[in-house]
Each structure stands twice: as C-alpha cells, then as structure tokens.
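Colleague: I should like to go through the structural assignments one by one. Please give the grounds for each.

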Amino acid sequence: MVDVSKWPLFSLLSTEELATIRQACVFGTSANEAIYITHSNEVFAFGLNTSSCLGTGDSLSTIVPKKLDFLRGKKVVSLSYGSGPHVLLATDDGQMFAWGHNGYSQVGNGTTNQGLSPVLVTANLQNKKVREVACGSHHSMALTHDGEVFAWGYNNCGQIGSGSTANQPYPRKVTGCLQGKTSVGITCGQTSSMAVIENGEVNMALHETLSIPVYGWGYNGNGQLGIGNNGNQQHDLLLTHLSFNRVVEVAACHSTHTSAAKTQSGQVYMWGQCRGQSIVIPHLTHFTNTDDVFACFATPSVMWRLMSVEPDDFLTVAEALRKEFDSPETADLKFSVDSKYIHVHKAVLKIRCEHFRSMFRSQWTEDQQEVIEIGQFSYPVYRSFLQFLYTDTVDLPPEDAIGLLDLATSYCENRLKRLCQQIIKRGITVDNAFTLLSAAIRYDAEDLEVFCFRFCVNHLTQVTQTGAFWQVDGAMLKEFICRASRCGAFKN
C-alpha cells in the first residue's frame, strides 16, 4: 500500500482530495509536478508545470488540481515521465498520448516544438495498441500488446537501440537481439533502456550461468545495465548475472543512474549508482519491492512509475459490521417486509437492541424462525432501522423519517429517535411542515413538536394554504389555532 502523503507535494491537497486518489506519479527536477488518477478514473494534474508537462494545454503553474479533460471516458494503464520533463501516457484502448519538453523529438510527433497540449502519437504505430510506456531523460519507449518495443527521441548513447547515435523523431521498432522475441516489460534509465523478454532462451555454450530474459542498451558509465562493465551499448544486450531467478519486473529512473529488478521468488536486486558508488553487477537487497529502492535513493523525491494506492485489507469492527449488513452469505436470519428480504445476524441484533434481546429468548416463537414477517412498518423504514443497528447512521428523507420515528418510539430506541428528529428538522419545508408537526405530536417527540410548531407559525400564511394543513382532524386543527393565537400569530 502506498501512502501518497509521504511525498511533500501532496501536502497541498486536502484530506478529502487525498482520499479520492487511486494512482499517482510525482515527477519533475525538484519533485514539484504530479499527476493522479481518482477511483472514478478522472485524471488531475498540479504543480510547477515546467515545459507544459502537466498536459493542461498551457504553461501556468497551479496548486489547485486541474482535470485533464482529454482523457474523459478513458482509463489510464501506464504513465511515465522524462527529465525535461515530458510525459507519456497509455490508455486501456491502446492509445498513447505525449506532451511536454520536446527538444529531442521525445514527444514522437516528428518535431522539436514543445508539446503545449497532449498529442496522440500514431507514427509507425498504425494497427498497434500500446500497453506500457517508459521515459528516459530525453527519450521514450512504448511496448505494444503484441510484445514489440518502440523507441524514439535523444540517442547520444545509443539508448534508442538503433545501432547508431542519431536522434529518432518518430517511434522506431527496436530489433537487434529483440528480433523475433516477445517483450513483456520495459523501463528507461536517464540515457539507457531495458526490456524484459518472455521465455528467454538458455544458452549454456555462451554463458557460464543461466541467462534470464532481460536486455539493456544505452549509457552504462555507472554499470546500470548490469552487464559487468562500464561500456555503453548501442545495441540491446542480454543480462547474465541474476542467476537462476526469473525477473518479473525491472525498474529505472531518469533522475538517477540506479536500476533495480524483482525476481519471481520476491528477491529485489539493485545496481548502478548507489550512494555514490558504482555497482556494475546486480546486488541483492533486503527490500521487498523495487519502489523501496527508489524511495531510499531517489533525489529529489520522485516516483519511478505510476504508483497504485491500494486499499488496506484490514477492517475495523465498525467497517466489518457495515460491510456485512444485508449480506446473504453470512446472515442467519431474514426479515420479510413488503415481500422483500433483509438479511441480518441474530447476535448483532441482540447486542445492539433491547427489543431483539427480548425477542430472541427461547420462549419467543421468533427465536425459532428463519424468516420473520413485519407488517406494521414499510420496507424503507424497517431496513433503515436495521441498518442503523449496524452503522449508527440513518439516511432517510424527512417523510420516511416520520415512520422511523414511530418505530424508534415503539422499540424504545431513544438515540434513533433523536436522529430522526434531526433529519426532520433539517428537511422541514412549508409543504411538509404540518405533516411533520402532526407526527411529532403523535409520537410524543416534544422537542420536535416545538420546532415544527414554531416553523408553522413563522410561515403561517404559506402553511395554511397546503393540503397537509386542511387534511388534519378537527381537534388538532383547533388546538393548533389556539396555540398559535396565544403566541400572537393573529394580532394583525
């Protein structure tokens, strides 16, 4: 589980805004830009907006999150950033968007003009669907659904994998050692690139140890390719030093020369620039995930990928009770109201309500029943009552709250009675005021009766013109007129 509030930039957001976040990515040369995705799949951006990297269509900084409307109706599956910064984003329908710094054509639109607004990248990707994106400092990569890797942008160290050091203005398929192979993952360092290959071959004639399917190319001055030396590679090269472990994830960050990998058995390795030292061969760490490698070594506090905020599996007692209300899977009793079932647990009802504690004694017939019929209350009212016993809350309109007030009075549930009165007070209007006053008198709710009476007197002209006023019985109408008269309602 990732707590985004660990990143200083997110201190700008309210608690309510933080609670909506499902995924997030902090980036920028000073960790001062962020993009996040809510549980409802809306995408927001905020921060400094260097090189228009927020994708908002302008170059203005903002501490108030702005929604990226071009992604309306789309689901983000992958996001990455470079140090310009530039941003790549892939959606679940296989489209790829890019924007931001474009001095080396890293946006992939064939120009070096800054990407003020997001563009849909399509060159050389016709009939291809992108599933994952990765950004180096000033180069970009994309992985398609059919396992092909494309790269473009800055290529001074061979990070494009084309065999030369010429910059690439459009996406270009990476071949070389990847030819005929299916890639399942990609990542970029500052000026290097790596890909994880599905079912990599074992060639014991070429290697003394079992090779695992990770290829790397580009800058290697700090040994971040993990090939045992510091020489740059203009073509892709197979890593051979993670012996007898299948790699399921590789990680790199453009802002550092650090790389990491996680194996199928859960081991995490790191190599490259690590606290001022060059580690040229992957080193086993005590970490349990690659994110911790970068949380420890990344300066500034950026994320190497789009991180998910997973909900905590732990439930409090209150949360567990709320979750199990009206659950057929765990319930041991049903109430039938208006031909509808409400599933409950006897133990909960006995703990929470004296009425049920008495009902479920052995001498009561209800204690032996699997279904109890309820006829004197409506389904919304009785369901709300039972739900209150699980949640301590009530969510009903004022008119239904009258019925619940009746139930609360019958069952001697004083706290529920007070909640109903609060709902009625909040929901009183000219049209329903006299109905609510009648109910307060009928159910002996003195505080509510006083409140409703005062409301009716203060809005006397409008209230006396409603149907509810003329539908009450004569005795109550006379009593109201007398009380109103004593209050001076008819002086004028």
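Colleague: Which residue in β6 is the bridge partner of V76?

Modeller: The partner of V76 in β6 is T91. This model is predicted, and the assignment is read from its coordinates.

Colleague: What makes β5 and β6 a pair of strands?

Modeller: Pairing requires at least two bridges, and 5 bridges join β5 to β6 (residues 86-91). The two strands therefore count as paired, and they run antiparallel.

Colleague: Why are β5 and β8 said to stand at the edges?

Modeller: The open sheet has 4 strands in the order β5-β6-β7-β8, with antiparallel pairing. β5 (76-81) and β8 (115-120) each have a single partner strand, so one side of each lacks a neighbour in the sheet. Direction ignored, neighbouring strands of this sheet are turned by 15° against each other on average.

Colleague: How many aromatic pairs are there, and why is the pair of F10 and F46 called edge-to-face?

Modeller: There are 24 aromatic pairs. For F10 and F46 the centre-to-centre value is 5.7 Å and the planes are 75° apart.

Colleague: What makes the pair of F434 and F469 edge-to-face?

Modeller: The ring centres of F434 and F469 are 4.8 Å apart and the planes stand at 70°, so this pair is edge-to-face. F434 belongs to helix α9 (residues 433-442) and F469 to helix α12 (residues 467-470), so the pair links parts that are 35 residues apart in sequence.

Colleague: Why is F469 counted as buried?

Modeller: Buried means under 20% relative accessible area. F469 has 4% and therefore qualifies; F434, at 0%, is buried as well.

Colleague: How do you know that R483 sits over the ring of F453?

Modeller: The charged end of R483 is 4.1 Å from the ring centre of F453, and the distance limit is within 6 Å. K340 lies over the face of Y379, at 4.8 Å from the ring centre.

Colleague: What is the average pLDDT of the chain, and where is the pLDDT below 50?

Modeller: The chain averages a pLDDT of 85, and 89% of the residues score at least 70. Over residues 200-212 the pLDDT is below 50, although this stretch has 23 contacts in the model beyond near neighbours in sequence. Where pLDDT is low, the predicted coordinates should not be read in detail.

Definitions and conventions: Residues are numbered from 1 along each chain as its sequence is written. This is a predicted model: local features need pLDDT of at least 70, side-chain atom pairs count only at pLDDT 80 or more; totals for chains, interfaces and linings use all residues. Side-chain values use heavy atoms; hydrogens and water are left out. pLDDT is the predictor's confidence in each residue, from 0 to 100. Contact means heavy atoms within 4.5 Å. Axes are lines fitted to C-alpha atoms, for helices over the stretch in contact, and angles run from 0 to 180 degrees between N-to-C directions. Rings of Phe, Tyr and Trp (its six-membered ring) pair if their centres lie within 6.5 Å; planes under 30 degrees apart count as stacked, over 60 as edge-to-face and the rest as tilted. Buried means under 20% relative accessible area, exposed over 50%, partly exposed in between (1.4 Å probe, protein chains only). A charge sits over a ring if NZ of Lys or CZ of Arg is within 6 Å of the ring centre and within 35 degrees of the ring normal.
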